[in-house]
Amino acid sequence: MLDISMISLIEPVRIIIGAGDQCWPGWIPSNKEELDLLQPKDWEISFKSRLVDAFLCEHVWEHLSEADGRTAARLCYKWLKPGGYLRCAVPDANFPNTVYQNIAQIGGPGPKKHPAADHKIVYDYKLFADVFAQAGFDIDLIEYCDEQGRFHYHQWSPSLGPIYRSLLLDHRNQGANIEFVSLIIDARKPA
Ligand SMILES: C[S@@+](CC[C@H](N)C(=O)[O-])C[C@H]1O[C@@H](n2cnc3c(N)ncnc32)[C@H](O)[C@@H]1O
C-alpha cells in the first residue's frame, strides 16, 4: 500500500499510477501491487478521506480492456480534488509508424515476455477522450495523431506531469524526425 504518513506531509499530492521504474521529482510513484486501477479497496486504504491533486499515468491504460479502462477512469475521478487532473498517455493508433504499431498492437509484437504482450487495446484520440469524458472529466488533448496520421501538438508543460514518450522528452525524436510519441490527454475534474 502507499505510505499515507508520507502523503499527509506532502502538498500537493501528486501520484504516478503504474510507475514501473519512473521517478519524477514532486511525484509519488505507485505500482499495481499497491494501487491497482481495478481495485477500489487499494484506493480507499491508500487515500482514506484525502483527495489527490494530480495523477500521472504513462502507457498503462492500454493494459486494461476498454470496459476496465472506463471503470478506472471513474475511480480516478472519484479520488481527485475538484479542479485536479489526470495526465494520461497511451500508444496512439493513428501514429503512422510500422515499427511502433507492431509494438503497440493488441498482444504486442509476439514474445510472451515482451512488456507489450498484455496490450488489450490501441486507442485513437476519439475513443480515449470518450473514456474520460464519460467519467465526467473535461478533456484537453495535448498530443495525438488524427485519422490522416497528422501529428497535433498543443503546448504543455512537463512541470505539470512529465510524459517521457512524448515529442518533447523522448530521446528518439531528433530534429524533424518524430520517431516515438503518444496520445496524451489532460483529463480535468471540473472545479
Ligand atoms: C509498459 S509499463 C509502463 C511503466 C511506466 N509507467 C513507464 O511509462 O515506463 C505498464 C505498467 O502498467 C502497470 N499496470 C498494468 N495494469 C495495472 C493496473 N490495473 N493498475 C495499475 N497499474 C497497472 C504495470 O504494472 C506496469 O508498470
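User: How do the residues of the shell around the ligand divide into nonpolar, polar and charged?

Analyst: This is a predicted model, in which local features need pLDDT of at least 70, side-chain atom pairs count only at pLDDT 80 or more, and totals for chains, interfaces and linings use all residues. Residues are numbered from 1 along each chain as its sequence is written. Ala, Val, Leu, Ile, Met, Phe, Trp, Tyr, Cys and Pro count as nonpolar, Asp, Glu, Lys and Arg as charged, and the others, Gly among them, as polar. The shell around the ligand divides into 6 nonpolar, 6 polar and 3 charged residues.

User: How many residues surround the ligand, and which are the closest?

Analyst: A residue is near a molecule if its C-beta atom, placed from the backbone, lies within 6 Å of it. The ligand is surrounded by 15 residues, the closest being Gly-18, Gly-20, Lys-32, Leu-37 and Glu-58.

User: In what order do the strands of the open sheet stand?

Analyst: Strands (E, at least two residues) and helices (H or I, at least four) are DSSP runs, numbered from the N terminus. Two strands pair if DSSP finds at least two bridges between them. The open sheet has 7 strands with mixed pairing, in the order E2-E1-E3-E4-E7-E5-E6.

User: Which strands stand at the edges?

Analyst: An edge strand here has a single partner strand, so one side of it is left without a neighbour in the sheet. The strands at the edges are E2 (28–29) and E6.

User: Which residue stands opposite Ala-89 in E4?

Analyst: E3 and E4 run parallel and are joined by 6 bridges. Opposite Ala-89 in E4 stands Glu-58.

User: Which residue in E7 stands opposite Tyr-85?

Analyst: E4 and E7 run antiparallel, with 6 bridges joining them. The residue in E7 opposite Tyr-85 is Arg-188.

User: How many residues of strand E7 are buried?

Analyst: A residue is buried if 20 or more other C-beta atoms lie within 10 Å of its own, exposed if 12 or fewer, and partly exposed in between, with C-beta atoms placed from the backbone. E7 covers residues 183–188 and is largely enclosed by the rest of the structure, because the buried ones number 5 of the 6.

User: How far apart are the end C-alpha atoms of helix H3?

Analyst: The expected span of a helix is 1.5 Å times one less than its number of residues. H3 has 14 residues (66–79) and should span 20 Å. This agrees with the distance between its end C-alpha atoms, which is 20 Å.

User: Where around the axis of H3 are its buried residues?

Analyst: The buried residues in H3 are Gly-69, Ala-72, Ala-73, Cys-76 and Trp-79. They cover an arc of only 135 degrees around the axis (the arc of the directions from the helix axis to the C-beta atoms). Therefore they are on the same side of H3.
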